[in-house]
Amino acid sequence: MRFVLLSAAAALLAVTAAPSGSETVSAVRVSAPKLSFDRVFASPSLSGAVPRGVKLSPDGRWLTVLRNRDDDRERYDLWGFDRKAGTWRMLVDSAALSSGRELSEAEKMQRERQRIGDLKGVVTYTWRDDSAAILVPLDGELFLVHLDGRSEKLGGGDLLNPALSPKGRYVSFVRDRRLWAGKAGAEARPITPAEAADTVHWGEAEFVAQEEMGRFGGTWWAPDDGRVAVERFDDAGVGIVTRTAIGAESTRTFQQRYPVAGSANSDVSLFVMNPDGSARVQVDLGPDKDIYLARVDWAPDGKTLYVQRQNRAQTVLDMLRVDPATGKSQVLFTEKAADKSWINLSDNYRFLKDGSLVWWSERDGFGHLYRYDPRRHPDNQWQQLTKGAWVVAGLVGIDEKAGRVYFTSTRGDVLAAQIDVLDLARPGKIERLSDPGYVYTAGMDKAGQTLLVTRSGTSQPPQVYIADSQGKRLAWVEENKVAGQHPYAPFLASHCAATFGTIKAADGTVLHWKMTTPVMKPGKKYPVFFQHYGGPSAQTVTRGWAGPLTQAIVAKGYIFFEIDNRGSENRGVKFGSALYRAMGSVEVEDQKAGAQFLKGLPHVDGGKIATYGWSYGGYMTLKMLQADPGLYAAGIAGAPVTRWELYDTHYTERYLGDPRLVAQVYAKSNALTDVGRIKDPLLLVHGMADDNVVFENSSMLISAMQGQAVPFEMMLYPGYTHRVSGPKVGVHLWDTVFAFLERHGVTPPQ
C-alpha cells in the first residue's frame, strides 16, 4: 500500500511527478530550473531559514532564535522577537562580536560530538533569570549581552560548557580541566581542586557520555543556586589511540584517550559542593566502579539529587536518590532491559513538584510514559499513562496545575510523529493537537503553557511557530513558506513527490520504504540510488522534509529509495533488538528484500541499483556487497566502520556485548573477513581527520582488499572529520559519487 502526504501542495506535486500527456504539466517541467549539487550546497540554504535554539525569555516577553545568514548558511546570529512590540531585531551580531580566534581542539571535538562542527557564530545561549541579559559563548570567550545593546566580556581562554545558574546569580565554565564559578558580573575562580594528573577533568562529560549518551555537560546547578553537582573523571586507565589528522599541508597527531570496545572506561565520580567549592561531598554511586553516569537531576525543591546509574552491560538502570548534604544514596527504582537486550537512555522524564515522576520506559515492549509516585504503597507506585503498539517519541512538557502531559507519538502513523496531550487524572483519553499532514517535534516552557513547534512535510521545509496549550498557533517564528523569494520556490514546480509503502522481511515483519522518482518516460527503466543507514536507534523513512539533496539526485534521472530495516527506531523493542549481537545480518537481509522488491518494478532497471551509505551505512554497503555479489550494480561506502573493536565501549557493547566475552560475535560482525567476496564496483570515501570512525577503519580495509587483489576506487578528504561537507567540498563529494556510477554504467536512460 502506498501513502502520499495529504496536503494540497503534495497532491499537486504527485500529479506533476507522474507520467502525463498534459501540456500544462510538461510546460511547467520544462520551465523549472534543474536542481544541481552546486545549488544544493550554496547559500542561502534551499531549506530556507531554519532557526535553531528557539527559547522564550523567563518573563515570556521575548522569543529568541539562532538564525543563519543568507550569505553564509553556516553562520548563526541571535535574533529576538519582542512579543509586546511585535518586532524582530538582531540581539547578537556574531561577526561583529567575534574575535575570530580559532576554537580550541577540545571545543572543536565537543562540537563534532554535538553534530554542530560545521556551524559558526552563536551556537548556544542562556537567558538570565531577570530576562534583561543573555549569556553568549562565542569563539572560546564568554559575553553577557544586555537587551539595551551593551555587552560584557566575562572571560576568555578556551572556555568549555559555560552556564548560568537557574536563578542567574552565578556563572560557571570549565577552563584548564577545572570548574570555575563566580557571581554574575564578578570575576570567576576555580572551585574544584588542581590535580597533578592531566587525565583528571572536573565539570566535563567524558568522551562516551558526549558521543553516545547524549550528555554533553558535567555540571548541574541546584534550582535555588545553593549547591552545584560536579562530575570528576579520570582517563588514566583509558587506552591511548594515536589519532592522525591528515590535512592538506600538514599532519597532526593526537594522543587521544579513547575507550575501544572491551577496554577500560573513564573512572567517573560525582561530587556536590557550595558555589564557592566549600562543603564538598562525594556521591555514593555504589561499590561497582565500572558503571556509566547516565543522567543527573535535581528535585524541583533542590532538596534531593537524582542520579541514573547504568551498568557496563547496559542491561540495568538504577535511579538513585541522593542526599546532597552527605552524598548518601539509595536505589529508588530499577529498570531492566526488555527482551534481554539493552536499555535505551532517554531524556523523556520530568520530576514533579508533588514528588512524583513522569518517566519513559520500554518495559512493556514499546516506549511509553508512566507515573511513579514513591509516596504510594510499593504495589501501587507505578501507573502506565500511555499504552499500545506505538511509541512516545518525546516528552514535550507538563502543565502541573492543569495536570496535562504533552508528548509526541507515532500513534496512528510510525512515519509521522504528532503532538498529543493527556490528562493525568484520566490518562486513557489522548487528545491530538497537530495536523496529520506534517511530521512534528516540539518543546515547551517549564510551566507547560506555550508550545514551540517544528513541523515539516515531504514538500515543506521545517516551519517553526509558537502555540497555546490547546495547540492553536499564536505566531510564526519562521513560516518558511515555499513561495515568493524563498530559495526553494524556483524549484518547487519540478519537485518530485515521495511515495511510501511496505514490504515484508523474511520473517514476515513489515518494513516501510520511501521512493522518489523522476518524471519517467513510458517504456523506460531507471537506475536506483539506494541509500541506507541501517544501524540501531535510527529511522530514515518518514513523511518529513528530506532536504534538497534527494531532489538533486532525482533531477539527474535516478530513483531515490530508502527502507528501514529491523533494528531501526520507533517500532518497539522486538523490532529494534533484532540487531542484538547480530550486526551485519538481519539489516543486510532486509535491505536485500528492498533490492529484490525494486527489481520487480516495471520502471526499475534491475541491473542498475547502486547502494550508498555513510558511517554505519558505509559498513552496511560493505556487508551488502559481501553478502550478495551481483545483486547491486555498485556500492559507495562513506566513513565505514570495518572492525567493531575499533569503536567505543558504550555504543558497541550495547549492541554486540563485551568482545572479551563474546569474541565470536565481533568476528562475525566485522567487515574485513569477507572482503574477497566483493565482486561489484566499490568506492571508498573517508575524511582523513575523522575522530568518530577513525581512519584506521578504512586503512585496514584498504590493506585487506589490496592483500586479496580486490579492485576498488577511493576518495579521501584531507582535514575533514566524520562530516565531509561544505559549499565546494560537498559538491566535489557528490560529483565524485556520480562520476563513479557513470564509469560503471549506472546511468539513466537516454
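This passage looks at one strand and its neighbours, and then at aromatic rings and the charges above them, in a predicted model.

Strand β39, which spans residues 526-531, is mostly covered, with five of its six residues buried. On one side of the pairing list stands β41 (residues 604-614), which runs parallel to β39 and is joined to it by five bridges. Strand β40 (residues 559-563) is also parallel to β39, here with three bridges. Phenylalanine 530 takes part in both pairings: its partner in β40 is phenylalanine 561, while in β41 it stands opposite threonine 611. Between β39 and β40 the chain passes through helix α7 (residues 548-555), and this β-α-β crossover is right-handed.

Turning to the rings, a search of the whole structure returns 42 aromatic pairs. One of them joins tryptophan 644 and tyrosine 647 edge-to-face, with 6.0 Å centre to centre and 90° between the planes. Tryptophan 644 counts as buried because its relative accessibility is 1%, under the 20% cut-off; tyrosine 647, at 7%, is likewise buried. Tyrosine 651 and tyrosine 655 have ring centres 5.0 Å apart and planes at 75°, so this pair is edge-to-face as well. These two tyrosines are four residues apart in helix α11 (residues 649-656) and are therefore separated by about one helical turn. Both tyrosine 651 and tyrosine 655 are buried.

Arginine 67 lies over the face of tryptophan 88, 4.5 Å from the ring centre, and the charged end of arginine 473 sits over the ring of tyrosine 465, at 5.7 Å from its centre.

Key:
Residues numbered from 1 in each chain as written. Predicted model: local features only at pLDDT ≥ 70, side-chain atom pairs only at ≥ 80, totals over all residues. Heavy atoms only, no water. Buried < 20%, exposed > 50% of the residue type's maximum accessible area, 1.4 Å probe, protein only. Pairing = 2+ DSSP bridges. Right-handed = clockwise from strand over helix to strand, strands pointing away. Phe/Tyr/Trp six-rings, centres within 6.5 Å; stacked < 30°, edge-to-face > 60°. Lys NZ or Arg CZ within 6 Å of the ring centre and 35° of its normal.
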